[in-house]
Amino acid sequence: MMGMSLFMCMMIMVCVISCGEAAPGAKFEDLYRSSWAMDHCVNDGEVTKLKLDNFSGAGFESRNKYLFGKVSIQIKLVEGDSAGTVTAFYMSSEGSNHNEFDFEFLGNTTGEPYIVQTNVYVNGVGNREQRLNLWFDPTTEFHTYSILWSKRSVVFMVDETPIRVHKNLEDKGIPFAKDQAMGVYSSIWNADDWATQGGLVKTDWTHAPFIASYKDFKIDACEVPTTTDLSKCSGEDQRFWWDEPTVSELSLHQNHQLIWVRANHMIYDYCYDAARFPVTPLECQHHRHL
């Protein structure tokens, strides 16, 4: 770092630490635990695997609950013929009026594109599905899937490329998920009644077990002491890195990435489904990128 002032060196180090991207992911057991079918959740060194067979699927959940922040995980999806299966990575609160942010990876027959479906629930109401074809084969290597949640928006990202932005439009009278702590979850299960070509292609159990692999677990979020005590994370007098406008708003480059994803890979957007929604949902009338 010859020629660089000590002050500049310190500023760069602070930025790297505060942004949280340089730190390696935590071990699975530090952040998560198996939530069901424990014998189908296997730790193999740095990689954790969830297994689906004709006896059971499996899932895991975070040990803590959070209000705002960023969660990331690297996933290698089910290889080969995965038709009928769904692998999910999501955040959710509890109760019938829950909030939820979903990544759902819909299995396919061999050689067809993998579809990722995102959805947003606010106060128990979802039906905000978007679907896109991934621009790579997610079964051959690990890729990073992230949810960035702030008071301003929810951003879904794939390898740091934004694929969806759900903005806070409370000023338009539209509820936003901001007052319920969420856990982080992942699971794999059989959904051949709808997952592949609307349920036309069923799960071929001769290819079981179906295995999704995970590594590089990161949660950089505000942990709540209890689900009823949110003051630590929601107080107006506190500011976190995800509240900064440079983070909670897309940059020009990120906006271009989002436009590219929508133009080249989106195959379904609930905002344009007149059969389901004869009247365009209110948030669709205000979002620039949905």
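1. A disulfide is taken here as a pair of cysteine sulfur atoms within 2.5 Å. By that criterion, a search of the whole structure finds 2 disulfides. With bonded cysteines counted along the chain, the pattern is 1-2, 3-4.

2. On the basis of the numbers: this is a predicted model, in which local features need pLDDT of at least 70 and side-chain atom pairs count only at pLDDT 80 or more, while totals for chains, interfaces and linings use all residues. Residues are numbered from 1 along each chain as its sequence is written, and side-chain values use heavy atoms, with hydrogens and water left out.

3. Cysteine 222 is joined to cysteine 233, with an S to S distance of 2.1 Å. The angle about the S-S bond is -85°, and the link of cysteine 222 and cysteine 233 is left-handed. Cysteine 222 lies in strand β14 (residues 210-223) and cysteine 233 in helix α3 (residues 231-234), so this pair ties together parts that are 11 residues apart in sequence. Helices (H or I, at least four residues) and strands (E, at least two) are DSSP runs, numbered from the N terminus.

4. Buried means under 20% relative accessible area, exposed over 50%, and partly exposed in between (1.4 Å probe, protein chains only).

5. The sulfur atoms of cysteine 271 and cysteine 284 are 1.9 Å apart and form a disulfide. This link is left-handed, with -75° about the S-S bond. Cysteine 271 sits in the loop between β15 (266-269) and α6 (282-286), and cysteine 284 in helix α6, so the pair ties together parts that are 13 residues apart in sequence. Cysteine 271 counts as buried at 10% relative accessibility, as does cysteine 284 at 14%.

6. Helix α5 (residues 252-265) has 14 residues and spans 20 Å from its first C-alpha to its last. That is close to the 20 Å expected at 1.5 Å a residue, the expected span being 1.5 Å times one less than the number of residues.

7. The buried residues of α5 are Asn255, Gln257, Leu258, Val261 and His265. They cover an arc of only 160° around the axis, which puts them on the same side of α5; the arc is that of the directions from the helix axis to the C-beta atoms. These buried residues pack against β9 (130-133), β12 (161-167) and β15, where contact means heavy atoms within 4.5 Å. The face of α5 turned away from its buried side carries the exposed residues Leu252, His253 and Ala263.
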